[in-house]
Amino acid sequence: MDHSGHGMDGMNMDLPPFTLGRGLEFGGDPFFLVGCLLGLALYGWAVLRLRRRGDAWPVGRIVAWALGVVTVALVMCTKLNDYGMAMFSVHMVQHMVVSMLSPILLLLGAPVTLALRALPAAGRGRKGPRELLVALLHSRYMRIITHPAFTIPLFIASLYALYFSPLFDFLMESRAGHIGMMVHFLAVGLVFFWPIMGVDPGPHRPGYVMRMLELFAGMPFHAFFGIALMMASEPMVDTFVHPPASLGIEALADQTAAGGIAWAFSEIPSVVVLIALVYQWYKSEKRQSQRTDRAADRNGDKDLADYNAYLASLHARGR
C-alpha cells in the first residue's frame, strides 16, 4: 500500500474501521484539551467574580459558552482527531464544527462583555488586562480584521485557497500542522461571526439587515465548495488519496461524503444565527418601545399642556 499521500509517520495506519463510538473515545490532544479546560475555568472565574459582587450574568450565556467549548473538545480531544488525519469526511466534520458551530456558540456566551465586567480597573495612569482589552477593541487592527471586506474573503479563502493548494497537504503532514489549521479555522469563524452576532462590543456594529446580508454573503460559497467535492470524479486532495487499508474505505466515496458534510453544514449556522438575530432584533425593538413608553409617561402631561397652549396661542392670534 502506498502511504505517500498520508502524513503522521504511520501513526494512523492501523486505525480500525470508523464508527461513531470509536471516534468519540477520549483522545486527549494536549493543545486543545488545555485550551478547552482553560476556557471553561476563566469563564467560570469571571462569572463567580460577578456573582460575588452581586451582579447577575445570564444563564443562557453560560450554557452557550459551555456548549461552544464542548463542541471544540468533542472534535479535537477525541479519537475523531486521529481519524480526521486519515479520513476526509471526519476531517470535514472537525473543520465545519470548529469554524461554523463552535464560534457561534462561543460568541453567544459574550466572553468580551464578561471580561470587561469581571476584570478590575488598573487605576489612574496604569494599564492592566482590562485597559489592554479596551485598547485592543478600539485598535485599527481590530477594525480591519472584523470588517466584512476582510472577514468574508478570508472565510471563503479558508476553503478554496487551502484545500485546492499544496498548503493543505503540507499542514497535514504533521500533527502540529493539523492543530495549527484547526486553530486558524476557529479564529476565522470567530472574526466572521463576531460582527454578525453583535453580542459583544466591537469596532463594527452593523444594523440587523446588514448583519443578515453579511451572513448570506459567505454561506453560498460554503455550499458550492461542498458541491464541488461531491461532483468531483477523482480525489482532489492528495492527503486523503490513499486511506489506510485497515479503514476499509474508498477515497472518492469518502471525499463525496466530505462534500455532503460541507454542503449540509453551510445551512446549520445560517439557521442558528438567523434565530439569534431575530431574537436580538425583537428584544431591541421591545426595549426601544419600553423607553418610548416611559418617556411618554414622564412627559405626557407636559406635552399635552404644551399642545393646548399652542392651540390657545393660535386661537388668540386668529381673533
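## A tour by way of the salt bridges

Select R175: at 24% relative accessibility, this residue counts as partly exposed. The model is predicted. From R175, go to D82, with which R175 forms a salt bridge whose closest N and O atoms are 2.8 Å apart. R175 lies in helix α11 (residues 175-197) and D82 in helix α4, so the pair ties together parts that are 93 residues apart in sequence. D82 has 16% relative accessibility and therefore counts as buried, the cut-off being under 20%.

Next, select E25 and K79. Their side chains meet in a salt bridge at 3.7 Å, N to O. E25 is in the loop between α1 (20-23) and α2 (30-52), while K79 is in the loop between α3 (59-76) and α4 (80-86), and the two are 54 residues apart. E25 is partly exposed at 40% relative accessibility, and K79 is partly exposed at 26%.

Then select R53 and D55, a salt bridge with the closest N and O atoms 3.0 Å apart. R53 counts as partly exposed at 44%, as does D55 at 26%. The count of salt bridges comes to three.

Now show the whole chain. The secondary structure comes to 14 helices and zero strands. The radius of gyration is 26 Å, well over the 20 Å that the globule rule gives for 319 residues, so the protein is more spread out than a compact globule. The C-alpha trace spans about 105 × 45 × 35 Å along its principal axes.

Colour by burial: 41% of the 319 residues count as buried. For the surface, the protein exposes about 16,700 Å², with carbon and sulfur atoms supplying 67% of it. Finally, colour by charge: there are 26 positive and 23 negative side chains, and the centres of the two sets lie 21 Å apart.

How values were computed. Residues numbered from 1 in each chain as written. Predicted model: local features only at pLDDT ≥ 70, side-chain atom pairs only at ≥ 80, totals over all residues. Heavy atoms only, no water. Helix = DSSP H or I, 4+ residues; strand = E, 2+ residues; numbered from the N terminus. Rg over C-alpha atoms; globule rule 2.2 N^0.38 Å. Buried < 20%, exposed > 50% of the residue type's maximum accessible area, 1.4 Å probe, protein only. Areas by Shrake-Rupley, 256 points an atom, 1.4 Å probe, with all protein chains shown as cover. Lys, Arg positive; Asp, Glu negative; His and termini not counted. Charge placed at Lys NZ, Arg CZ, Asp CG, Glu CD. Salt bridge = Lys/Arg side-chain N within 4 Å of Asp/Glu carboxyl O.
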